[in-house]
Amino acid sequence: MKRRKTRKIKVGNLFIGGNSPISVQSMTNTDTRDIRSTVNQIKRLERAGCEIVRVATPDMEAARALGEIKRRVHIPLVADIQFDYRLALEAIASGVDKIRINPGNIGNQEKVEAIAEAARNAGIPIRVGVNAGSLKLPAPEKMAKTNLHQDHIFRARKMNKAKEMAALALQYVRILEKQEFYQFVISVKASDVPTTMDAYRLISEKTDYPLHLGITEAGTEFSGTIKSALGIGALLSEGIGDTIRVSLTASPEEEVRVGYEILKALRLRNFGPEVISCPTCSRCQIDLIRITNIVEKKLESFFPEKSIIAGVELSKFYPLKVAIMGCAVNGPGEAREADVGIAGGKGVGLLFRRGKVIKKVKEIEMINVLMEEIKKELKRR
């Protein structure tokens with residue numbers, strides 16, 4: 001897939017846009033004023049592979065805490081600013097790597113200009129982050145006067161929302177450009193997947209600034225993952241997007257894991273092992289679900305090196321494809337195509353390495369044998 005050509009901006013020691021790898025972001029859910037808890041969570045995110053982290057900045061105490069947090073972490077730190085532009089000025093003075101402002105609530109042009117001047121003097125970028133929930137659109141009862149059918153009103157409001165999001169983002173882009181400020185990223189997020197996709201398509205036609213993708217308030221780990229994979233994945237497949245954040249009602253580390261899975265599925269980033277397993281059917285004669293879950297969990301802890309600090313991937317270890325298959329239909333073929341694979345039968349399985357059968361193993365031995373073969377494979381690299 002061909003990526004849309006965008007400008008390149010620098011966030012800390014990481015680049016976004018241009019030909020830079022699509023970066024994965026997350027956001028802390030600790031109280032930013034609690035420096036220790038926030039730093040500890042960011043360090044966990046670093047180990048999970050997070051490349052940029054955003055922190056809520058609800059008041060001056062939180063803004064002033066950012067300097068100490070910044071000194072203790074290794075990845076770029078972004079201050080999320082809502083409502084009060086003075087918090088952005090304090091965050092910049094504290095040394096953050098980037099500011100996120102919400103045009104839906106940040107205030108008038110003079111306040112945006114003040115943020116732009118401070119950011120320019122500090123040499124840091126801004127994210128113009130529009131959220132659908134911050135927009136004020138015509139109420140349904142007002143649109144009802146247009147004689148549209150109720151379903152048409154609902155769809156019209158959604159399309160209006162996408163257009164309004166794109167228009168509002170561009171309005172603030174022009175304000176920043178008049179200030180001769182050009183170091184920024186744009187996002188236009190909604191909790192509704194089609195609205196989000198429409199908004200990003202519209203904005204991508206109007207500007208070449210890097211785009212931060214996400215489905216905001218996507219939901220729980222299960223439903224939010226599905227919505228994010230559909231929305232973010234579809235846009236990336238169209239060449240739209242330079243950095244992503246998966247927003248889940250779950251741990252921030254899970255957001256990072258899902259983000260990389262989306263990129264891996266599209267072959268945009270090689271990060272961590274890829275596990276291939278069949279969905280199981282009546283032909284499956286081993287406990288495939290249990291075996292696969294255990295192997296996947298072991299692989300997560302088996303790769304402490306997987307942390308990406310400052311955008312440096314440990315390519316020595318990746319990609320690693322592991323196949324765990326449960327029957328004779330597709331099993332041998334998929335296992336043969338993997339770096340390491342098991343094709344199970346009636347209580348036994350064939351162990352494959354790079355297309356060749358190594359040996360036959362009992363079901364009770366499969367997990368240990370597979371993990372040992374993965375270790376051998378990595379030592380060969």
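1. **The Asp-287 and Arg-290 pair.** In this predicted model, Asp-287 and Arg-290 form a salt bridge through their side chains, at 3.4 Å from N to O. Both ends sit in the intermediate accessibility class. Asp-287 has a relative accessible area of 35% and is partly exposed. Arg-290 is partly exposed as well, at 38% relative accessibility.

2. How many salt bridges does the structure hold? The count is 24. Side chains of opposite charge can pair when their charged atoms come close. Two further cases follow.

3. **Arg-267 and Glu-274.** These side chains meet in a salt bridge at 3.6 Å, N to O. Is Arg-267 buried or exposed? Arg-267 counts as exposed, because its relative accessibility is 53% and the cut-off is over 50%. Glu-274 has a relative accessible area of 24%, so it is partly exposed.

4. **Arg-201 and Asp-198.** This salt bridge has an N to O distance of 3.8 Å. Both residues belong to helix H7 (residues 193-206). They are 3 residues apart there, so about one helical turn separates them. Arg-201 is partly exposed at 30% relative accessibility. Asp-198, with a relative accessible area of 26%, is also partly exposed.

5. **Strand E6, both faces.** Now to the strands. E6 spans residues 98-101. In a regular strand the side chains alternate between the two faces of the sheet. On one side of E6 are Lys-98 and Arg-100. On the other are Ile-99 and Ile-101. All four are buried, and both faces of the strand are covered. Note that Lys-98 and Arg-100 are among these buried residues.

6. **E6 and strand E5.** E5 (residues 77-81) pairs with E6 in the parallel sense, over 4 bridges. Which residue of E6 is the bridge partner of Asp-80? It is Arg-100, one of the buried residues of E6.

7. **E6 and strand E7.** E6 also runs parallel to E7 (residues 126-131), and 3 bridges join the two. Here Ile-101 has Val-128 of E7 as its bridge partner. Ile-101 is buried. Helix H4 (residues 109-122) takes part in a right-handed β-α-β unit with E6 and E7.

8. **E6 in summary.** E6 is paired in parallel with E5 and with E7.

Terms used:
Residues numbered from 1 in each chain as written. Predicted model: local features only at pLDDT ≥ 70, side-chain atom pairs only at ≥ 80, totals over all residues. Heavy atoms only, no water. Buried < 20%, exposed > 50% of the residue type's maximum accessible area, 1.4 Å probe, protein only. Pairing = 2+ DSSP bridges. Right-handed = clockwise from strand over helix to strand, strands pointing away. Salt bridge = Lys/Arg side-chain N within 4 Å of Asp/Glu carboxyl O.
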